[in-house]
Amino acid sequence: MQFPLESTRWRDSSTGLHVEYDQRPDVFRGTVRYASVHAHLGRTGSRRDDLESLAYTLVFLLRGRLPWQGYQGENKGFLVCKKKMATSPEALCCFCPAPFRQFVEYVVNLKYDEEPNYAKYISLFDGIVGPNPAIRPLNTEGAQKLICQVGQKRGRLIMEEDDDEQPKKKVRMGLPATQWISVYNARRPMKQRYHYNVSDERLSQHIVKGNEDGLFISSVASCANLWALIMDAGTGFTAQVYELSSSFLHKEWIMEQWDKNYYISAIAGASNGSSLVVMSKGTQYTQQSYKVSDSFPFKWINKKWREGFYVTAMATAGSRWAIVMSRGAGFSDQVVELDFLYPSEGIHRRWENNYRITATAATPDQAAFILSVPRRKPPDETQETLRTSDFPSTHVKEKWAKNLYIASISYGRTVS
């Protein structure tokens, strides 16, 4: 059996500080069977990943099998990661003594730079004995030795007084649920309008009325094959066209509009495979490229970044992704946060480093956020996100009262 734990520095030797957080979805280090979910998602490794991997190893040694074994093919890593996210600690440890479930719950909820309480984890296994013939005897010396080894490599063992305290954070694993994801930016007071649950037939009348009132489309989304439309007076666009197509991004139409100096400014895809593409004049873009893919195309995004393009729009149709990248986007740097759930920790870490969410999209499996650093610092950097089961119509009005306006909206997997 391959040993699952791989060595990597978690502390900067020159500063003594924890290494910086990052995510590269195209990078994987570890053994697929035992790797942490964060490792699958390409996040920088830290102490929590050692312990999550150790937890899977201990369960495997006890049960002889893990629920995600047996996947094959190029998509194996994705499927294994998805299964790990969908397997709760209760399900994973249903035939294990209670301390195994408690250990899993602790380690999958550790923050990136949190110091694990190794002494507490070791103490969980102190009381496991097998005097009752009805219970399979269990020798936990190996488990305790492994945790001790990890703890000794990482620093001192500290026993805290709150030894009986249960994990406070919500367990990441569980069944999927979908929600609206809305992002709000602080702006000077302006007129903004929204429409949702719009059928194909009624799309035109809302757009025509908005244009008559001096509003252009700034963001679009889809839920249950119905459209959501955000229109406002702050886009800076001078003209706009759109196409509702039965295909997921109609290449010929897009190229025709590029020839007329229109650029893609917003896209949305429906679960039936149709798409709504909005193209505008008056953007700051000088060149565009887009890609439609059956999985999130991070390698292509990374290649385009090196060529001076930045992600300016993205959408999904079922499990398919469409990414639009542009030159002249006005960003100095850009990163991706991709997860099977809403990546709260990653987004907050990016915010702390002056990134702002500039695009969102989600499938029934995953949520993706593009975070960018603007070349020109906005007067007010306030940004808020909201996740709601229904379209956030009542919340939008509350945000408007605080001069916060919808900057991006999507619908898909965000919670367990």
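Reader: Is D113 buried, partly exposed or exposed, and what is its relative accessible area?

Author: One compares the relative accessible area with two limits: under 20% is buried, over 50% is exposed, and what falls in between is partly exposed. D113 has a relative accessible area of 36%, so this residue is partly exposed. Please bear in mind that the model is predicted.

Reader: With which residue does D113 form a salt bridge?

Author: The partner of D113 is R349, and the closest N and O atoms are 2.9 Å apart. This pair links distant parts of the chain, for D113 lies in the loop between α5 and α6 (118–124), while R349 belongs to helix α11 (residues 344–352), 236 residues apart. R349 has a relative accessibility of 18% and therefore counts as buried.

Reader: How many salt bridges does a search of the whole structure find?

Author: The search finds 18 salt bridges. One of them joins K304 and E307, with the closest N and O atoms 3.0 Å apart. K304 is buried, at a relative accessible area of 9%, whereas E307 is partly exposed, at 30%. Elsewhere, salt bridges with shared partners join D22, R43, E337, D339 and R350 into one network.

Reader: Which residues of helix α3 are buried, and where do they lie around the axis?

Author: In helix α3 (residues 76–86), the buried residues are V80, C81, K84 and M85. Their arc around the axis is only 135 degrees, which puts them on the same side of α3. They pack against α1 (37–40), α2 (47–63) and β11.

Reader: What covers the buried residues of helix α10?

Author: The buried residues of α10 (residues 298–306) are F298, W300, I301, N302, K304 and W305. Their cover includes the strands β8 (287–293), β9 (310–317), β10 (320–327) and β11 (331–339). After α10 comes G308, with a positive phi near 95 degrees.

Reader: What is the order of the strands in the open sheet of 3 strands?

Author: The order of a sheet is read from strand to neighbouring strand. Here the order is β5-β7-β6, and the pairing is antiparallel. β5 (239–245) and β6 (263–269) stand at the edges, each with a single partner strand, so one side of each has no neighbour in the sheet. On average, neighbouring strands are turned by 15 degrees against each other, direction ignored. Between β5 and β7 (residues 275–281) there are 7 bridges, and S245 stands opposite S275 in β7.

Reader: Which strands of the sheet does helix α8 touch?

Author: Helix α8 (residues 200–212) packs on the sheet and touches β5 and β7; the direction of α8 makes about 175 degrees with that of β5. Helix α9 (residues 251–259) also packs on the sheet, touching β5, β6 and β7, and the direction of α9 makes about 5 degrees with that of β7.

Reader: How many residues of strand β12 are buried?

Author: In β12 (residues 356–362), 6 of the 7 residues are buried, so this strand is largely enclosed by the rest of the structure. A hairpin of 4 connecting residues joins β12 to β13. The two strands run antiparallel, and 6 bridges join β12 to β13 (residues 367–374). The bridge partner of A362 in β13 is A367.

Conventions. Residues are numbered from 1 along each chain as its sequence is written. This is a predicted model: local features need pLDDT of at least 70, side-chain atom pairs count only at pLDDT 80 or more; totals for chains, interfaces and linings use all residues. Side-chain values use heavy atoms; hydrogens and water are left out. Buried means under 20% relative accessible area, exposed over 50%, partly exposed in between (1.4 Å probe, protein chains only). Contact means heavy atoms within 4.5 Å. The arc is that of the directions from the helix axis to the C-beta atoms. Two strands pair if DSSP finds at least two bridges between them. Axes are lines fitted to C-alpha atoms, for helices over the stretch in contact, and angles run from 0 to 180 degrees between N-to-C directions. A salt bridge is a side-chain nitrogen of Lys or Arg within 4 Å of a carboxyl oxygen of Asp or Glu.
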